[in-house]
Amino acid sequence: MRQIAIILTFISAAILRSCSYSETKNERFNRAITEFNKKVKSIELNNYYPNSYTEVKTDSIIANTFDVRIKTFSAATGYILIETTTNNHLTEQLFHKDFYSEIKVHVSDRIVYQKQLKASLFDRASDPIFWDNATLEHVWIDQWSSNTNSLALHVSLMNPLENTFKLYEIRIDRLGNETMRLINQNS
């Protein structure tokens, strides 16, 4: 009897030892995910609008006096951060590229006006919230307001974060003198 008790004790100890606590499938899965997340590096994805270089050229003769050349293009280096989203190890950022316009005006085959327009050249003190994230949007000729003595250009600027805009008129006379005025805004 004593031998049976000793044998049962050894068998019970072996069974209890083999039945010691072990991880469940769910616990092993969660531990594997935690270890994987520690090893994975964060990924940063940057998207730009527009996603490639953009350029618009306009050549016009106004009132048989002004030969106007306008080139509006997306800048290679300037951009405005619009939105950042983070999901686990992925950070995605959306940027709006800055735009510039090169304007060249000839009168009688002589350059009277040449300038590169960008948002930073405008009066930043008037509306700092708008100008902090503003970019030039478009420059075009106002043919109805132009005549043989002066050329009228319209300049549209926008703030893509605030979804606001400002519209300016630039008047250039035959000697290349400019006057600028704000004609509309939504800010």
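Entry 1. I began with Ser 108, which is exposed, with a relative accessible area of 64%. The model is predicted. I located Ser 108 in the loop between β4 (90-107) and β5 (110-117). Its phi is near 55 degrees, a positive value in a residue other than glycine.

Entry 2. I then looked up Ala 63, which also is not a glycine and has a positive phi of about 55 degrees. Ala 63 lies in the loop between β2 and β3 (66-87).

Entry 3. Which peptide bond is cis, with omega near -10 degrees? I found that it joins Tyr 49 to Pro 50. Pro 50 sits in the loop between β1 (43-49) and β2 (55-62).

Entry 4. I turned to the largest nonpolar core and recorded 26 residues in it. Val 105, Leu 151, Val 155 and Leu 157 have the most contacts inside this core. At least two core residues come from each of β3, β4, β5, α3 (128-131), β6 (135-141), β7 (150-159) and β8 (164-173). In soluble globular proteins, nonpolar side chains tend to be buried together.

Entry 5. I listed the contacts of Leu 151, leaving out residues up to four places away in sequence. Leu 151 touches Ile 62, Phe 66, Val 68, Val 105, Ile 141, Ser 146, Ile 170, Arg 171 and Ile 172. Val 105, one of these partners, is also named among the core residues with the most contacts.

Conventions. Residues are numbered from 1 along each chain as its sequence is written. This is a predicted model: local features need pLDDT of at least 70, side-chain atom pairs count only at pLDDT 80 or more; totals for chains, interfaces and linings use all residues. Side-chain values use heavy atoms; hydrogens and water are left out. Helices (H or I, at least four residues) and strands (E, at least two) are DSSP runs, numbered from the N terminus. Buried means under 20% relative accessible area, exposed over 50%, partly exposed in between (1.4 Å probe, protein chains only). A nonpolar core is a set of buried Ala, Val, Leu, Ile, Met, Phe, Trp, Tyr and Cys residues joined through side-chain atoms within 4.5 Å. Contact means heavy atoms within 4.5 Å.
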